[in-house]
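Student: Please walk me through the features of this model and how to read each of them.

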Amino acid sequence: MFDARGSEAHRVAGLWWLMFALAAGVYAVVGGFILVAALRGRGTPEGRASRITENAFIWLGGLLVPTAILMVLAVVTVQTTSHLRRPERDPLRIEVVGKRWWWQVRYPAQRFTTANEVHVPVGRPVEIGIDSDNVIHSFWVPQLGGKVDTIPGQHNVWRFRATRAGTYLGECAEYCGVQHANMRFLVVAEPAAAFDRWVARHLTPHSAPTSDLTEKGQLVFLRETCAGCHTVAGTTAQGDEGPDLTDFGSRLAIGADTVPNDPGNLAGWIADPQSIKPGILMPPTALAPGELHALVAYLESLR
Amino acid sequence: MALTDDVRTGITEHDLHEIWKDAPGIPGFFSTVDHKRIGLRYIYTSFAFFFVAGLTALVMRAQLSAPNSHVVSPSTYNSLFTMHGTTMIFLFNTPVLAGFANYLLPLQLGARDMAFPRLNAFSYWIFLLSGVFIYASYLIGKPPDGGWFGYTPLTGGTYSGGVNLDFWGLGIVFVGISTTVGAVNFIVTIFKLRAPGMTVNRMPMFVWSILSMAFMVIFAVPAVTVATGLLELDRLFGTKFFVPHLGGSVLLYQHLFWFWGHPEVYILFVPATGMISMIIPTFSRRPLAGYVWVAASLIAIAFISFGVWVHHMFATGMPVQAMAFFSAVSLIITVPSGVQFFAWIATMWRGVIRFSTAMLFAIGFLLIFLLGGITGVMVAVLPFDWQVTDSYFVVAHFHYVLNGAVVFPIFGAIYYWMPKMTGRRLSERLGKLSFWTMFVGFNVAFFPMHILGFLGMPRRIYTYQAGLGWDTLNVIVTAGSFAFAAGTGITLWNWAWSLRRGAPAGDDPWGADTLEWSTTSPPPDYNFAATPVVASRHPLWDQRPLPHAVSGDDEATRSLGPEGALVHEIPVTTGIDAVPHGSQRIPHPTYLPLVLALGIAVVFLGLLVNAVLVGVLGAALAAAGLTRWLWRTDTDLT
């Protein structure tokens, strides 16, 4: 939160520093009163007299000063809240669905689906629709703003702008079962041109194998259980239990940001995902070394 | 009054002991209805659970001390934080405060027992059995793992199929019985059993705090019983209250849960402040400043606490206008706490402070609660809460409140009141060592968590990746938590040591002002042979020697003197002015509360294992116990 990169996070950071200043002042003054009160009677037989009456303590310290501070905070709360999460014109719409334990990401206007990676153009208002078809999760990108829960049966919306380019860590913030801890995602904020290129690539997916190795890999993919749960656009693989893999090779991480996306990690993941992320729904797949090699090559070629 | 035999009536201590004593050994253990034995039992049982909950915390901290560590598996970790929270809220903080209230209320009010001694025994047995019920899940290796607030649909049958969550859901309904009947007992005791002359504006502040707490319990606990009860109906009988795609509402569960859950924070916090309001005046040698203000604050908190629950749900996507209301109320509830705070400061201001261990815990409480209160104001601020809720910032906040501002007063209370309860003092040297270890360990453990929250560390993760800037802080937190645990261990050791070796306490070791210090330590079975007559808020400071009532001939006054104690009676006084207006027979030891509690436990067991026959058997046992209990005749009571 100290390193804010989004419209909401900036405002909240400002709010925090105001509250921090008030809090530090209150703690110093009241804490000082506690210590002085505890010590000032030391060495006297009957305690020290004081011009501050008991009622003055209660009226000033207990009622008036706190009320004044709370009034300030109430005004600031209302002002800040009313500035945040307001609809803006021409937002980029993205639909995010919390799964167990990964994130489905759809760009409805552009008509493509990806997973665990949300790309947004810097500066443009973004409107993320947030849903769940299973348990409750919470969508949180600390550097961009606050949390929005994914509630089954309720459509929530989070609106923000990324103010600077970068890759930001997103996390599930509501306990959602055994792999709550590894239900991360990445938000990639990039200049409009780069974002447009990223979108364009998704409009013409390159799922056709380009070499013997990847062709063999695709055969393995379609033959094994993979296609039952995963989609690769342009092939017969249309499963929707697991993440869409159409652009898998371009993604930065595997397993909702559990391990970096490289061939070694991918091979290990396919062979035994339970050893990397225990308890997830993906079963292990036993393959001959050559087949595994081909499958990894195929998946890494999907961009 | 137990010290000497009564000259006027010729009634001796021995006579009274014969009337009031429990049977020796095991029969007495299971049949006692003495509020002092029950209160101590509450305290000891709660501390056993505290010990276990502390161990779960240490295992979690060991796991989190380094990124990607494998001290425990993910599912074990998830059950650890579930059981840690469940235990600390339901099986330690709530019942340990009930234990102190059980022990102290009759003594502070000048009564010979609680209003409903058998109900008192019943509520203890329910507490014990429900705790055993929840922990029995470990015996078959299926501990609950849905988090201590058990959000649906994660905790519904679809996503948590095993019996794990049934231990939890049924256990919460089960333990709620104990809390509720306990609260009823406290309220009636406070309103009807005060010593003559103890008008409501002379009640000790601890009594006010228990009154406030008991009313909150009565209105709040039904909500959590309904929440977990409906959850269990869904799980066991296939109803759809919380099944979203069949018309249920998952947010309904959250509303019900937090409608209890936030008052619960005050249910724990208010009695803790009551303890502080007793300890600070005693060791400042001054009456509590702003008595009326403080009492009014306790009542105000009880009301306002029912208007803040939605601040646990700010990220659920409710309309901002609705949330703004709860944001405002959550800010307002700070004011009565602020009033109390400055009443304590004002009390100390002109006094000469004796830095006993109990007083150190009280001052430690002030410094910790100040920070917990400030961060509490922060999380009431809606946009800020969006950022920090369910992060380690909130973990830090509620540990400052529920650990710092509740457990510290409880430890202070041990040093303050255990000498009354056991007759022996704890070591002050070990006590001070324990306090400083706990105070430093606490802040080292919990302060860095605020920063971890800002750095984006979410709550309830069993592990995290290296390189996020969390590593060093987590090492510090773990070190602090082990230091804190060591500090609590010193007090537990000190306490055990004092039972045999502690210096004799005497009646009034601290020069305190309330009635519990006018009787022996530990008090006799009947507390007071003759009922004290109160004419001040501080009877032991202002009324020397403390006068005691004499029995009259009529119903209203016959039980005031030792003659009343001799026939096992207790004087009843009017609700506001405490004028004697009746006499109540006190029941003798009986197994019936245990029978009823066991019957109810068997019903819950039947639900758990889905066996109708077991449930029916339990219901029959409970019905038999209850029928016998309600079959009142004079011979039962005399």
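Student: Where is the place of A:Trp101?
Tutor: A:Trp101 sits in the loop between β1 (92-98) and β2 of chain A. Helices (H or I, at least four residues) and strands (E, at least two) are DSSP runs, numbered from the N terminus. The peptide bond that leads from A:Arg100 to A:Trp101 is cis, its omega being near -5°.

Student: Thanks! Before we go on, how should I treat the numbering and the model itself?
Tutor: This is a predicted model, in which local features need pLDDT of at least 70 and side-chain atom pairs count only at pLDDT 80 or more, while totals for chains, interfaces and linings use all residues. Residues are numbered from 1 along each chain as its sequence is written, and chains are lettered from A and ligands numbered from 1 in the order in which they are written.

Student: Which residues does a cis peptide bond join in chain B?
Tutor: B:Thr152 and B:Pro153 are joined by one, with omega about 0°. B:Pro153 belongs to the loop between α5 (117-139) and α6 (164-192) of chain B.

Student: Let's turn to the sheet. What is the order of the five strands in the open sheet of chain A?
Tutor: The order is β3-β2-β1-β5-β8, with mixed pairing; two strands pair if DSSP finds at least two bridges between them. At the edges stand β3 (112-115) and β8 (156-160) of chain A, each with a single partner strand, so one side of each has no neighbour in the sheet. On average, neighbouring strands of this sheet are turned by 25° against each other, direction ignored.

Student: How many bridges join β2 to β3(A)?
Tutor: Strand β2 (residues 103-107) of chain A has four bridges to β3(A), and the two run antiparallel. You can find A:Val105 opposite A:Thr114 in β3(A). As a general point, side chains in a regular strand alternate between the two faces of the sheet.

Student: And which strands does β9(A) join by bridges?
Tutor: Two bridges connect strand β6 (residues 137-140) of chain A with β9(A), in antiparallel fashion. Here A:Trp140 has A:Glu171 of β9(A) as its bridge partner. β9(A) also has six bridges to strand β10 (residues 184-190) of chain A, again antiparallel. In that pair, A:Gly166 stands opposite A:Ala189 in β10(A).

Student: Now the two chains. How many residues does the contact take from chain A and from chain B?
Tutor: It takes 66 residues from chain A and 63 residues from chain B, where two residues are in contact if their C-beta atoms, placed from the backbone, lie within 7 Å. On the side of chain A that touches chain B, the elements giving two or more residues are α1 (7-39), α2 (54-83), β7 (148-150) and β9 (166-172) of chain A. α2(A) gives the most, with 15 residues. That side of chain A divides into 38 nonpolar, 20 polar and eight charged residues. (Ala, Val, Leu, Ile, Met, Phe, Trp, Tyr, Cys and Pro count as nonpolar, Asp, Glu, Lys and Arg as charged, and the others, Gly among them, as polar.)

Student: At what angle do α1(A) and α12 of chain B cross?
Tutor: Two packed helices are described by the angle between their axes and the distance between the axes. The axes of α1(A) and helix α12 (residues 357-380) of chain B come within 10 Å and cross at roughly 160°. (Axes are lines fitted to C-alpha atoms, for helices over the stretch in contact, and angles run from 0 to 180 degrees between N-to-C directions.) That makes α1(A) roughly antiparallel (over 145 degrees) to α12(B). Among the residues making the contact are A:Met19, A:Tyr27 and A:Gly31 of α1(A), and B:Ile363 and B:Met378 of α12(B). They divide into 14 nonpolar, one polar and no charged.

Student: How do α7 and α9 of chain B pack?
Tutor: Helix α7 (residues 205-237) and helix α9 (residues 291-304) of chain B pack at about 10°, their axes 9 Å apart. α7(B) and α9(B) are therefore roughly parallel (under 35 degrees) to each other. The contact includes B:Trp208 and B:Phe215 of α7(B), along with B:Leu298 and B:Ile301 of α9(B). By class, the contact residues divide into 10 nonpolar, two polar and no charged.

Student: Last topic: is B:Arg460 buried or exposed?
Tutor: B:Arg460 is buried, with 21 other C-beta atoms within 10 Å. (Buried means that 20 or more other C-beta atoms lie within 10 Å of a residue's own, exposed 12 or fewer, and partly exposed in between, with C-beta atoms placed from the backbone.) B:Arg460 has phi near 65°, a positive value in a residue other than glycine, and belongs to the loop between α15 (428-454) and α16 (471-501) of chain B.

Student: And is B:Asn610 buried or exposed?
Tutor: B:Asn610 is exposed, with 12 other C-beta atoms within 10 Å. Its phi is positive as well, near 60°, and B:Asn610 lies in the loop between α19 (592-609) and α20 (612-630) of chain B.

Definitions and conventions
Angles under 35 degrees count as roughly parallel, over 145 as roughly antiparallel, 65 to 115 as roughly perpendicular and the rest as oblique.
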